[in-house]
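Q: Hi! Could you walk me through this structure in simple words?

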Amino acid sequence: MIQTDKLKFTYKDGPEFSFPDIKVPSKENLLITGNSGVGKTTLLHLLAGIRRPVSGKVEINDTSLYDLKPSELDSFRGNNIGVVFQQPHFVSGLSALENIEIAIKKGVANKSSHINKLVKRLGIENRASYKTNNLSLGEKQRLGIARAIVNKPQVLYADEPTASLDDNNASIVMELLLEEAEINNSQLVCITHDQRVKKYFKNEIDL
Ligand SMILES: Nc1ncnc2c1ncn2[C@@H]1O[C@H](COP(=O)(O)OP(=O)(O)OP(=O)(O)O)[C@@H](O)[C@H]1O
């Protein structure tokens, strides 16, 4: 369950936002749409615990993110939230595989077999040893998805995952995200202004 209450955010010397309340029951996904500059990425950062709101609440299952201490929030985020960024950044000195390995949480059993299965599902097993600078855009995006889901997060956020993709690749990425969310039992929240993405979601909020 993802729930927000009277979320407000203000950038220093920038715009102020009051976001509509959100309530998405467990096992359901959500699409957040809206024109450029309306605050979609800002809202995603609040929902993911990346930026602290001026006021209001974000609850993921029974945890109220901003009632946690900063260190507790960091660890909650690491264990329960995955984010696929619009432009993913990787540690460029490391291989694709190593970038996933450094994201995996401590104490997971059979780490390498878990990661190997994941890269296979995402079709990047032949690129696992490549340095990330040598990956294509589509491969980087799939690596970004792999890194976001390696810890089977309760919630998976995706920021404009189909931006600049042609129709074919846009459907491949959307189907991959939905499939992975289902396999991991994660709720998928996708932010977009891409009309092609609408058909994949039952719940939508237009900012
Ligand atoms: N760090 C910042 N400081 C000040 N203003 C900012 C900052 N980041 C974003 N903004 C402004 O806040 C507004 C909302 O930005 P945001 O990125 O959330 O919009 P968006 O709906 O995701 O846009 P897009 O679809 O173009 O990515 C924009 O007007 C932007 O210029």
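Q: What should I know before we start?

A: This is a predicted model, in which local features need pLDDT of at least 70, side-chain atom pairs count only at pLDDT 80 or more, and totals for chains, interfaces and linings use all residues. Residues are numbered from 1 along each chain as its sequence is written.

Q: Which feature does UniProt place at residues 2-205?

A: The unreviewed UniProt entry gives "domain: ABC transporter" there. Its positions are in the numbering used here, feature names are shortened, and annotations may be inferred rather than shown by experiment. In the model, that span is 33% helix and 21% strand. Helices (H or I, at least four residues) and strands (E, at least two) are DSSP runs, numbered from the N terminus.

Q: OK, strands. What does β1 pair with in the antiparallel sense over two bridges?

A: That is β3 (residues 23-24), while β1 itself covers residues 2-10. Two strands pair if DSSP finds at least two bridges between them. Here I2 has V24 as its bridge partner in β3.

Q: And how many bridges join β1 to β5?

A: Five, and these strands run antiparallel too. T4 is partnered by V58 in β5.

Q: What do β1 and β2 form?

A: A hairpin, with five residues between the two strands. Three bridges join them, and K8 stands opposite S18 of β2. In the turn, D13 has a positive phi of about 55 degrees.

Q: New topic: V83. Is that residue buried or exposed?

A: V83 counts as buried because it has 22 C-beta neighbours inside 10 Å. The cut-offs are 20 or more other C-beta atoms within 10 Å for buried, 12 or fewer for exposed, and partly exposed in between, with C-beta atoms placed from the backbone.

Q: Which residues is V83 in contact with?

A: Leaving aside neighbours within four places in sequence, V83 contacts A48, A148 and Y157. Contact means that the C-beta atoms, placed from the backbone, lie within 7 Å.

Q: Now α6. Which of its residues are buried?

A: V173, M174, L177, E180 and A181. They cover an arc of only 135 degrees around the axis, so they sit on the same side of α6. That arc is taken from the directions from the helix axis to the C-beta atoms.

Q: What do they pack against?

A: Their partners are α5 (137-149), β8 (155-159) and β9 (187-192). The face turned away from the buried side carries exposed residues, including D167, E175 and I183.

Key: Two residues are in contact if their C-beta atoms, placed from the backbone, lie within 7 Å.
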